[in-house]
Amino acid sequence: RRLIAQPLTAADAVIANSAALRQDCLELGVAAERIEVIPNGVDLELFTPQDKAASKRALGLDPERRWVLYCGNLRPVKGVDLLGSAIAQLLAAGSPLSFVLVGAGELEGALRAQLAQGLSERRVIMTGALPQPTVARYMNAADLLVLPSRSEARSNVIVEALACRTPVAAAEVGGIPEVMRPEHGRLFSPGDPA
């Protein structure tokens, strides 16, 4: 905490990408007049609505299935371990949903082991890290983006999904509520696979 606070409090100005991150800076001792909130932007030429069925076909996804997308690092802070539990429970209960996890990180091996049956049935696809144009295609193919983060300043993947007119289900943490509106999807309590 001290290693973070020291350069922030010594800075002439601090840019935070959300009001939640601004509040974190205030709690670390940064003077309010030195903090400016400037949200990250999104490339609207890349993240733009496309035909959903055509996007699914272009990615080799069955256009008749409903696809849930996770896009981000495969790390504990992103709640992807909770998502793995939720997916396993849904598949065991006979849910018709299919899942794509885009990203890489230290939880990849554990997720592959946990979701082995879904992977073998192609109900779960793990792509690894992908270039932005391919991510945009997945955003357009998805029927829902899910973001189960335990902590998040302001999520660009939410803004990118919304730019593609893909609804979002996200944990109610950090700056996520600043982005989400009722017409965008649903917020849920963090930390619980259910």
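Author: Happy to! Bear in mind that this is a predicted model. Let us begin with the second largest pocket, whose volume is about 240 Å³.

Reader: Which residues lie nearest the centre of the second largest pocket?

Author: Look for Cys71, Gly72, Asn73, Gln132 and Val157, out of 17 lining residues. Two elements, α7 and α8, each give two or more residues to this lining, and α8 gives the most, with three.

Reader: How do the residues of the lining of the largest pocket divide?

Author: There you find 15 nonpolar, two polar and one charged. The largest pocket holds about 310 Å³ of space, and Leu83, Ala86, Val146, Phe188 and Pro193 lie nearest its centre. Helix α4 supplies the largest share of the lining, four residues.

Reader: Now the sheet. In what order do the six strands come?

Author: Read across the open sheet as β5-β4-β3-β6-β7-β8, with parallel pairing. Strands β5 (124–128) and β8 (185–188) have a single partner strand each, so one side of each has no neighbour in the sheet. For a pair inside the sheet, take β6 and β7: three bridges join them, and Val146 has Ala169 as its bridge partner in β7.

Reader: Where do helices α7 and α8 lie?

Author: Helix α7 (residues 132–141) lies across β3, β4, β5 and β6, at about 145 degrees to β3.

Methods
Residues numbered from 1 in each chain as written. Predicted model: local features only at pLDDT ≥ 70, side-chain atom pairs only at ≥ 80, totals over all residues. Heavy atoms only, no water. Pairing = 2+ DSSP bridges. Contact = heavy atoms within 4.5 Å. Axes fitted to C-alpha atoms, helices over the stretch in contact; angles between N-to-C directions. 1 Å grid on protein atoms, 1.4 Å probe; cavity = no way out; pocket = protein on both sides within 12 Å on 5 of 7 lines; lining within 4 Å. Points joined across faces, edges and corners; volume = space filled by probe spheres on them. Nonpolar A, V, L, I, M, F, W, Y, C, P; charged D, E, K, R; others polar.
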